[in-house]
Amino acid sequence: FPPINDSVYADYEALEDTLVHPYLCKFHAEDCLFMKDCSKSAFMTNFDELLERIGKGPYEACLFVYICTYVTSVLGRSQGSARGDYFNFSDSNFGSTSLIQKTALSLKDFGKRIKELNIKEKCIVLDVVHQSRPKATFFKTKLVYPTVGIYDNLAKFSGAVVIGSAQCGI
């Protein structure tokens, strides 16, 4: 995958500083998970631990997730249950649909983990459009670009409010 622009990383760092700032958002650092350029296994381990900790808390708890990554879209009827959007990681492999399923995280699986939390407030911010929309996509079965329904689908899968960084879709 192409490198993510430096200004995107600057946004990430500014958000991290704001969330844990003692006079602004006042999140406790131990209640936050900040990861950059991580592998899928590192993300899943840390994310599952955070969800478990949040799940033990009060119903009034709040979950705020900011995801900045590339998204791979698996397209076409022939792809069956693999169709949909996938969050990519530093070790994601775009080589085949089965490799994408193994090395990336499907939007549906991510949303299911969020939906299972019995908490009052859930908000997900997606920063997933880091390149121009690809041209001539009609016969492709995989693209590194999100589908038009990514925000609505994640809201449906997760039961969360979803905010997107851009209008996107193929």
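A residue is classed as buried at under 20% relative accessible area, as exposed at over 50% and as partly exposed in between, with a 1.4 Å probe and protein chains only. The structure is a predicted model, in which local features need pLDDT of at least 70 and side-chain atom pairs count only at pLDDT 80 or more, whereas totals for chains, interfaces and linings use all residues. Residues are numbered from 1 along each chain as its sequence is written, and side-chain values use heavy atoms, with hydrogens and water left out.

The protein chain contains five helices and seven strands; helices (H or I, at least four residues) and strands (E, at least two) are DSSP runs numbered from the N terminus. The elements follow the order α-α-β-β-β-α-β-α-β-β-α-β from the N terminus on. Of the 170 residues in the protein chain, 41% count as buried. The chain exposes about 9,800 Å², of which carbon and sulfur atoms supply 52%; accessible areas come from the Shrake-Rupley method with a 1.4 Å probe, and for residues only the protein chains shown count as cover. Among contacts (heavy atoms within 4.5 Å) with a separation of 6 or more, 61% are between residues 24 or more positions apart.

Strands of a sheet pair through backbone hydrogen bonds, either parallel or antiparallel. Two strands are taken as paired if DSSP finds at least two bridges between them. Strand β5, residues 121-127, pairs in the parallel sense with β1 (residues 62-68) over seven bridges, and C123 in β5 is the bridge partner of F64. Parallel pairing also joins β5 to β7 (residues 161-164), over four bridges; here V162 in β7 is the bridge partner of I124. Strand β5 is mostly covered, with six of its seven residues buried.

Within β5 lies I124, which is buried at a relative accessible area of 0%. Leaving aside neighbours within four places in sequence, the contacts of I124 are V65, F110, I114, L154, S158, A160, V161, V162 and I163. The C-alpha atoms of I124 and S158 are separated by 9.1 Å, and the two residues are 34 apart along the chain.

Helices α4 (residues 107-115) and α5 (residues 150-158) have axes that come within 7 Å and cross at roughly 40°. This angle makes α4 oblique to α5, given that angles under 35 degrees count as roughly parallel, over 145 as roughly antiparallel, 65 to 115 as roughly perpendicular and the rest as oblique. Axes are lines fitted to C-alpha atoms, for helices over the stretch in contact, with angles running from 0 to 180 degrees between N-to-C directions. Residues L107, K108, F110, G111, K112, I114 and K115 of α4 meet I150, N153, L154, K156, F157 and S158 of α5.

A further four strands form an open antiparallel sheet in the order β4-β3-β2-β6. Its edge strands, β4 (105-106) and β6 (142-143), each pair on one side only. Strand β2 (residues 71-74) and β6 pair over two bridges in the antiparallel sense, and K142 in β6 is the bridge partner of V74.

The loop between α1 (6-19) and α2 (40-55) contains K26; D37 is also placed in the loop between α1 and α2. K26 is a residue other than glycine with a positive phi, near 65°, and is exposed at a relative accessible area of 54%. D37, likewise not a glycine, has a positive phi of about 50° and counts as exposed at 60% relative accessibility.
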